[in-house]
Amino acid sequence: MARQAQYRKYTLWGKGRTFVRGDALGEEMRCAIVDKIMNLGGDMATGFFPGSFIEVANHFQIWPETPEDVELVEFLKRERPSISYSSVKEKLEIFGNIEGGTLVSAIGRTVRSRMSDGPWTWKKLTKQPMDKFTDGNITYAQQFLQFLHGMDPVKVKYFDEAGVNVATGHRSYGHSLKGTNAVEILNGQSKGVNYTLNLLCGLEGVLYANTVFGGADTYNFLNFWSEAVEYTTPSGLPVLDNGDVIVYDNAAIHRFEGGQAVASWLNDMGIAVIYTPICSPEFNAVELVFNKLKTMLKRDEYAQLLHVNVPAAIFGAISTISEADMTGFYRYVNYFQM
């Protein structure tokens, strides 16, 4: 019962300030309110006040008050951005300095307006696996960036695979009356068969690509490189040359026996292979190529072609990727001196 009485002692008013039910506000608080009214043009003699009492009330609302409380809110939100305000409130009531606690709404105002680096907003989470943040991977990422920072971007090429099917051309958004669902009837197969696009790109554009039926595997990985080294650009130059560096991720087919065989074979030709850090697609410019490619495949002409001939639609979309696009993609990875 004593514990229940302790929790009944403090009450929260609409602006988040704690008070003791049945007791008058303390003299210090009453004087502060009067001083605020006077500063806003109030007259004690006549009782006239030209300002807004709501403004006065808002001035005395309680947020997490001390710098330490705000730091605790910020720490909790940085550590776990999805943590609810109610969970933050629980932590504040245990570890904070506000006697009697605070309101969830006050915590929300703190997050939106009082963080050290500016206002925070609620947005979709970008989830990263823990493997990305191991000491070993962080060290490797630093070495990766330092190595490529000193490279001539013309000599750096990127490779990866992407799955494409009829559903790749389906748009995810459409218009409808406000408050109603936007519904679209699918024409034919909802997904269809899957093709794997293998793609090698450089600063001048897409250098070589092929498509295979089904998923990626070691055989198709080996076959791609046997074709790519024989391919030439429209100007007659080989797409791969001595001194080139090829960047791709550390997927199993890139690292194990097949991947090791490709790396050794390319190395004999003076071509180096370097893997991106674990779970770091942002360091591979080919991901930006795929992003534009899949955007183009949602256009009507390519989306319709996907239903008839998936490879033809893929290569039609590839033809839209320009040298200017690639320059932008290389700048976006942000480790070249460009």
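This is a predicted model: local features need pLDDT of at least 70, side-chain atom pairs count only at pLDDT 80 or more; totals for chains, interfaces and linings use all residues.
**Arg-112 and its surroundings**
- You can find Arg-112 in helix α6, which covers residues 104-113.
- Leaving aside neighbours within four places in sequence, Arg-112 is in contact with Tyr-85, Ser-105, Pro-119 and Trp-120.
- Trp-122 is 10 residues from Arg-112 along the chain, and the C-alpha atoms of these two residues are separated by 9.0 Å.

**Helices α4 and α5**
- Helix α4 (residues 67-79) and helix α5 (residues 85-95) have axes that come within 10 Å and cross at roughly 135°.
- That angle makes α4 oblique to α5.
- The crossing of these two helices, α4 and α5, is right-handed.
- On the α4 side, Asp-69, Leu-72, Val-73, Leu-76 and Lys-77 take part, and they meet Tyr-85, Val-88, Lys-91, Leu-92 and Phe-95 of α5.
- Sorted by class, the contact of α4 with α5 has seven nonpolar residues, three charged residues and no polar ones.

**Lys-157 in strand β3**
- Lys-157 sits in strand β3, made up of residues 156-164.
- With a relative accessible area of 5%, Lys-157 is buried, because buried means under 20%.
- A polar atom of the Lys-157 side chain lies 2.9 Å from the backbone oxygen of Val-239.
- Not counting residues up to four places away in sequence, Lys-157 touches several others, including Leu-200, Cys-201, Asp-244 and Tyr-330.

Technical notes
Residues are numbered from 1 along each chain as its sequence is written. Side-chain values use heavy atoms; hydrogens and water are left out. Helices (H or I, at least four residues) and strands (E, at least two) are DSSP runs, numbered from the N terminus. Contact means heavy atoms within 4.5 Å. Axes are lines fitted to C-alpha atoms, for helices over the stretch in contact, and angles run from 0 to 180 degrees between N-to-C directions. Angles under 35 degrees count as roughly parallel, over 145 as roughly antiparallel, 65 to 115 as roughly perpendicular and the rest as oblique. A crossing is left-handed if the near helix is turned anticlockwise from the far one by less than a right angle, and right-handed if clockwise. Ala, Val, Leu, Ile, Met, Phe, Trp, Tyr, Cys and Pro count as nonpolar, Asp, Glu, Lys and Arg as charged, and the others, Gly among them, as polar. Buried means under 20% relative accessible area, exposed over 50%, partly exposed in between (1.4 Å probe, protein chains only). A polar contact is a pair of N or O atoms within 3.5 Å; within protein, one must be able to donate a hydrogen and the other to accept it, and residues adjacent in sequence count only if both atoms are side-chain atoms.
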